[in-house]
Amino acid sequence: MECGECLENISALIDGELNGFEQKQVENHLLACGRCKAVANQFRLLNFGIVHAVENIPAPSGLEERILLSIGLERQKAKKQFSLTSLFLILLVSPLLIFSSLIWRFVYLVYSTGTILGRAESVLLRFVPPATSWAIGIMAFFLIVGGVLLVRRLLKGFQFNEVFS
Amino acid sequence: MWARGWENAVTGFDFGLIKKLQAGNEQAFTVLVQSYAPYVYRTAFALLQDKNEAEDASQEVFLKIYRSIGQLSNPYAFQSWLKQIITHTCLDRLKKQHPTPTADSELDRAAVETSQNLDQHLIIQDALQRLSTEYRETLILREWQGYSYQEIAEMSGVPVGTVKSRIHTARMQLAKMLSDERP
């Protein structure tokens, strides 16, 4: 092998890109030729130097914060798009709901419940003293608030994302 | 054989972090950014040789991760997936740039010129900057990213022979520049 041919293949040898026969030929030439061997050593040192040089490129201060900020903006944008899309779909679908019997059954249920509660209120006002009626109302209010607080406390720290994703 | 930059960057990686990321854990994303931002920036700067472009590319890389981490089925493939995202993001940006040799930017070069004690890595950074875009891109993909000639050929859309020739010429030019720098 001539020096010219060897020099052309030195990079490929260093990078492990030669086949067995080519590799043997170049290695044999390097054993015999000091000039080509010096080039091979120079390239090996150069490769080490390139990795070292890139490792030492200084990252600008505050880079992580700026990346996280751009992610935060992306997240806000995604939420906004999700809200707008949901709203648009609801507006698009809502006219169709008047044809749903389920919706009318729900409206009827609300109406019936209201009527029953109204009658119960009339009976209570007739037979129970106003003070007792107020006491029952206030107790019910505190029970609801206490119940909500209890549920919140029980679910505190629960990873919804990990469970439902 | 020395460890390539890529291998150094991923040593001791916590794969549980990927599962947390896929579950939408925001804290995990902060950890990922803090761990990888310097590596992503260095790779982008080595390829683009422009501070602002490298920072924009870094942001783009993490946005791509944020958007598509859910689609990564195998957490153990994260590292090569990240490497591909960085490389493709930078190569796309390079394609949009003018194909002329990179002009010297004021960055680092000024530091090299003003410094009395020239460190070897700064001299190599400066020499890399003076290489033409094609040579630098091919050499960085090989040396820093650890891609094979075949992979570089596929990414750059050139024959393997061209990759081999570019890497060899780039090394020859770098070696000459460095020997010229020596007194």
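Me: How much space lies in the largest pocket?
Reply: In this predicted model, about 290 Å³ of space lies in the largest pocket.

Me: What makes a residue such as A:Phe82 part of the lining of the largest pocket?
Reply: A lining residue has an atom within 4 Å of a pocket point. A:Phe82 is listed in the lining, along with residues including A:Arg75, B:Phe29 and B:Tyr66, so it meets that cut-off.

Me: Which helices supply at least two residues each of that lining?
Reply: They are α4 (63-97) of chain A, with α3 (26-48) and α4 (51-68) of chain B. The most comes from α4(A), with four residues.

Me: Why is the pair B:Arg142 and A:Asp15 called a salt bridge?
Reply: The rule asks for a side-chain nitrogen of Lys or Arg within 4 Å of a carboxyl oxygen of Asp or Glu. Here the closest N and O atoms are 3.3 Å apart, so the pair qualifies. The count between chain A and chain B is six salt bridges.

Me: Which element gives the largest share of the side of chain A that touches chain B?
Reply: That is α3(A), with 13 residues. By class, this side of chain A has 17 nonpolar, ten polar and ten charged residues.

Me: How much area is buried between chain A and chain B?
Reply: About 4,000 Å², with carbon and sulfur atoms giving 67% of it.

Note on methods:
Residues are numbered from 1 along each chain as its sequence is written. Chains are lettered from A and ligands numbered from 1 in the order in which they are written. This is a predicted model: local features need pLDDT of at least 70, side-chain atom pairs count only at pLDDT 80 or more; totals for chains, interfaces and linings use all residues. Side-chain values use heavy atoms; hydrogens and water are left out. On a 1 Å grid over the protein atoms alone, a cavity is a set of points where a 1.4 Å probe fits but cannot get out, and a pocket is an open set with protein on both sides within 12 Å along at least five of seven lines; lining residues have an atom within 4 Å of a point. Grid points are joined across faces, edges and corners, and a volume is the space filled by probe spheres set on the points. Buried area is the accessible area (1.4 Å probe) that two parts lose on being put together, summed over both. Ala, Val, Leu, Ile, Met, Phe, Trp, Tyr, Cys and Pro count as nonpolar, Asp, Glu, Lys and Arg as charged, and the others, Gly among them, as polar.
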